[in-house]
Amino acid sequence: MKIAKALLVFVVILTILFSVAGCLQKGQVSPVEDDDGRIRIYTTFYPLYDFTKKIVGESAQVENLIPAGVEPHDFELSPKQAADIHDADIFIYLGESMEPWAAKMAENLESQGIKVIEAGKGLIENDDPHIWLDPVLAAEMAKSIFNGIVSTDKENEAIYRENLKNLTKKLEELDNAFKELASGSERKDLVTSHAFFDYPARRYGLNQVAITGLSPQEEPSLQKMRELVEFCQGNGIKYIFTVPGENSKLIDVLSRDTGAEVLEINPLESLKQEEIQAGEDYFSVMEKNIEALKKALGY
Ligand SMILES: [Zn+2]
């Protein structure tokens, strides 16, 4: 009898505890920021995040899904992140060639009333996602991000339009810097690790020679490596490019076999947390890239 009573009390206490915990949990589902009236935007990887931030300023919340310092090719979303996206107002990705997982989610998100912006739509050719490295295509990308956002958030259209104008102007200046670089350089060959530089190379008349294909995870054949060594030796290549954070074993081999010096170029696929905190952005990194390119192209 006594035991049964004790058990009953225990069950009652447990029930109360659980319902309190349940209430707390329910209350925590929507973070406080949700109530500040701003729309919530999720982007997949860095250039989309940076451009979106530059367009919306403080008038909307922007969160990047792929963590700082993580390489976005072949990235897999965690189940928690996949669930998080559902409280977004807008979801921005580049295209199937960069984030196949996002392309798969798009229809489902749209059916739940989330505005999905495919920022590289109509701009990506030959399944090569790296359009943001070409300032002219990057400006088109920014415009399509802007158009998508204002179709959901009309209230702030004037602010966003002004910010887009500034962003476009800076991209035009970058375009001019590339033109200057290419027209003044003796050399045209750029040896890179993965093939991220095809769009700017084509626009400004440079010749990209890449060790691997569009994704850094690919492995080149021995034959390909031999051809690259011959190319570097035959064309007097003094500098070859690696990407920060990339496993540069292949670049090291090429450098050893040809005597070429290794320089870094940042394809802006991901910035490290400390770089973001130090105030680095698309434009500051592109400026450094241009300096490295100047060196390699024979200034
Ligand atoms: Zn890439």
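Buried, as used in this note, means under 20% relative accessible area, exposed means over 50%, and partly exposed lies in between (1.4 Å probe, protein chains only).

1. Basis of the note. This is a predicted model, in which local features need pLDDT of at least 70 and side-chain atom pairs count only at pLDDT 80 or more, while totals for chains, interfaces and linings use all residues. Residues are numbered from 1 along each chain as its sequence is written, and side-chain values use heavy atoms, with hydrogens and water left out.

2. Two backbone points. Leu268, in the loop between strand S8 (261–264) and helix H10 (273–277), has a positive phi near 60 degrees although it is a residue other than glycine, and it is buried because its relative accessible area is 0%. Asp127, which is not a glycine, has a positive phi of about 55 degrees; this residue lies in the loop between strand S4 (115–118) and helix H5 (135–152) and counts as exposed at 59% relative accessibility. Helices (H or I, at least four residues) and strands (E, at least two) are DSSP runs, numbered from the N terminus.

3. The zinc site. The protein donors of the zinc ion are His73 (NE2), His130 (NE2), His194 (NE2) and Glu269 (OE), at 1.9 to 2.3 Å from it, where donors are N, O and S atoms within 2.8 Å of the metal (3.2 Å for Na, K and Ca) and sites may look incomplete because water is not among the atoms. The four donor atoms subtend angles of 99 to 116 degrees, which makes the arrangement tetrahedral, a term that requires all angles of four donors to lie between 85 and 135 degrees.

4. Sequence span of the site. Along the chain the donors follow the spacing H-x56-H-x63-H-x74-E. His130 sits in the loop between S4 and H5 and Glu269 in the loop between S8 and H10, so the pair ties together parts that are 139 residues apart in sequence. His130 counts as buried at 0% relative accessibility, and Glu269 counts as buried at 6%.

5. The sheet. Four strands form an open sheet in the order S2-S1-S3-S4, with parallel pairing, two strands being paired if DSSP finds at least two bridges between them. Strand S2 (60–64) and S4 stand at the edges with a single partner strand each, so one side of each is left without a neighbour in the sheet. Strand S1 (residues 39–43) is joined to S2 by five bridges, and the bridge partner of Ile41 in S2 is Val62.

Definitions and conventions. Four donors count as tetrahedral if all angles lie between 85 and 135 degrees; four count as square planar and six as octahedral if opposite donors are over 155 degrees apart and all others between 65 and 115; anything else is irregular.
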